[in-house]
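Subject: Structure handover

Hello,

Please find the structure below. My notes on it follow.

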Amino acid sequence: MDAPRADGAARLPLTDLTDAEVTAAVVACGGKPFQARQVLHWLWRHGVDDYAQMGNVPAQLRTALAERHPLRGATVAKADLADDGTEKLLLRLRDAETVECVVIPDGERTTLCVSTQVGCPVACIFCASGMAGVKRNLTAGEIVEQVLVARRRLGAARRLTNLVVMGMGEPLLNLDALLPALQRIHDADGIDMGARRITVSTSGYPRQMERFAAADPAYNLAVSLHAADDALRRELVPTSSAPVREIVEAAHRYFGRKGREVTYEVVLLEGRNDRPQDAVAMVEVLGALPCTVNLIPWNPVEELAAARGLRRPAKARVDAFADALRRGGLNVTVRRQRGADRSAACGQLRLRAAAAPPAG
Ligand code: SF4
């Protein structure tokens, strides 16, 4: 991977080092360069959480490395398991900030939803993650660590099959960390997950979508559109400045370049964006494009429902919206509610942990 950083990598967790930096650390600890490959293999392929588990690495080298670099930076601060098997994890980072990731088992498939920022700058009106803005970007290591933690919790019982980058934060505003993190997750010497199983979701930044399209390999792209009308979209996603048509054009170029059909996500809010005219506008903008529209009836966040008068639409309204899109020629899926019984909506676990009095 990249060359060692100029400012040194002292005390960074091993997960935050490039391969070259791990090699430099191994040599600085008296090891041989080939032993760096062994260390990296234990770290990424086996996902060990203790140097002591690196069986073929000499004890002296393990001790010296452990003195310089903790293996990982994040710890599980809270785990919330819903009746349907969805497990939401709150991870505490080295600077005590917290982020969420969610493990979603569904038949043969197990999907992990990861975060890319602490908080989120996009401020969608229906989302708990955007309530306090963004504090900082996650590092590449902090993004990949979410995968390591999830894999470890699943153990041998279930294999992690899919990754969606749809948690806290706007992934395309942290491309400098996201791209190396995805590379690590995709790499055969890393986590070894196929690019077709990885989906990155953006709330629509055309310039960053171009940069994402220029990166290899071809990951799936999802665009959180929510509304096809510019004025309505600005109400729902107040920080969004790009017109809907520009966002859709950039997504279509992504399809042209990568051959991956784009999914448009629409969080449905009763009376706000689930009306017949909203479906008509969506058909006008997307109807002729090869794409799928994924409808997500809003997962209520108490704090927002009360303050902003938001409601989850009844099933009949969702069905009517979906039918209108289908009649307009669109491919439509409706997301089932998962883990709804326990702090399921994005950012809620973190919100509640922050509101709760400190333990002890
Ligand atoms: S829905 Fe996604 S983009 Fe919007 S505020 Fe929440 S985390 Fe950010």
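Helices here are DSSP runs (H or I, at least four residues), numbered from the N terminus. This is a predicted model, in which local features need pLDDT of at least 70 and side-chain atom pairs count only at pLDDT 80 or more, while totals for chains, interfaces and linings use all residues. Residues are numbered from 1 along each chain as its sequence is written.

Helix 1 covers residues 19–28, and its buried residues are Glu21, Val22, Thr23, Ala25 and Val26 (buried: 20 or more other C-beta atoms within 10 Å of the residue's own, with C-beta atoms placed from the backbone). Among the elements covering them are helix 2 (33–46) and helix 3 (59–68); contact means C-beta atoms within 7 Å.

Helices 9 and 11

Helix 11 (residues 315–327) and helix 9 (residues 276–286) have axes that come within 9 Å and cross at roughly 30°. The axes are lines fitted to C-alpha atoms over the stretch in contact, with angles from 0 to 180 degrees between N-to-C directions. Helix 9 is therefore roughly parallel to helix 11 (an angle under 35 degrees). Helix 9 contributes Pro276, Ala279, Met282 and Val283 to the contact, and helix 11 contributes Phe321, Ala324 and Leu325.

Helix 11 has 13 residues and reaches 18 Å from its first C-alpha to its last, close to the expected 18 Å (1.5 Å times one less than the number of residues). Just after helix 11, glycine 329 has a positive phi of about 95°.

Regards

Methods
Helix = DSSP H or I, 4+ residues; strand = E, 2+ residues; numbered from the N terminus. Parallel < 35°, antiparallel > 145°, perpendicular 65-115°, else oblique. Contact = placed C-beta atoms within 7 Å. Buried ≥ 20, exposed ≤ 12 C-beta atoms within 10 Å, placed from the backbone.
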